[in-house]
Amino acid sequence: MDEETHHPAETFTDHVVCARCGTTAKSDVPPPTWLCSVENGRRQYFCDDCARAHIRAVESRLDSAWW
């Protein structure tokens with residue numbers, strides 16, 4: 001785990017929103033089924049539906065702009 005980009009004790013002040021479709025998580029913490037991606041120094045979350053739809057691109061480590 002990269003200490004500079006991943007902070008396990010990070011607190012969330014707003015609801016977590018899918019960067020792809022805009023779905024809002026029901027809690028302030030990202031659900032365990034959601035995908036977390038760090039792109040250009042920014043942490044982005046993707047809901048399980050978007051992650052499943054683009055699983056090959058995710059596994060190829062393509063930035064979400066390519067999906």
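How many salt bridges does a search of the whole structure find? The search finds two, where a salt bridge is a side-chain nitrogen of Lys or Arg within 4 Å of a carboxyl oxygen of Asp or Glu.

The model shown is predicted, so that local features need pLDDT of at least 70 and side-chain atom pairs count only at pLDDT 80 or more, while totals for chains, interfaces and linings use all residues. Residues are numbered from 1 along each chain as its sequence is written, and side-chain values use heavy atoms, with hydrogens and water left out.

View 1. Strand β1, residues 35-39, and strand β2, residues 42-46, pair in the antiparallel sense over five bridges; strands are DSSP runs of E with at least two residues, helices are runs of H or I with at least four, and both are numbered from the N terminus. Two strands are taken to pair if DSSP finds at least two bridges between them. Glu39 has Arg42 in β2 as its bridge partner. Two residues lie between the strands of this hairpin, and Asn40, in the turn, has a positive phi of about 55 degrees.

View 2. Ser37, which has its place in strand β1, is buried, with a relative accessible area of 18%; with a 1.4 Å probe and protein chains only, buried means under 20% relative accessible area, exposed over 50%, and partly exposed in between. The side chains of Ser37 and Glu39 are joined by a polar contact of 3.0 Å, that is, a pair of N or O atoms within 3.5 Å of which, within protein, one must be able to donate a hydrogen and the other to accept it, residues adjacent in sequence counting only if both atoms are side-chain atoms. When neighbours within four places in sequence are left aside, Ser37 is in contact (heavy atoms within 4.5 Å) with Arg42, Arg43, Gln44 and Phe46.

**View 3. The salt-bridge network of Asp48, Asp49 and Arg52.** Salt bridges link these three residues, Asp48, Asp49 and Arg52, in a network. The side chain of Arg52 meets that of Asp48 at 3.7 Å, N to O, and that of Asp49 at 3.4 Å, N to O. Arg52 and Asp48 are separated by about one helical turn because they are four residues apart in helix α1, residues 48-53; Arg52 and Asp49, three residues apart in helix α1, are likewise separated by about one helical turn. Arg52 counts as exposed at 58% relative accessibility, whereas Asp48, at 23%, counts as partly exposed, and Asp49 is exposed, as is Arg52.
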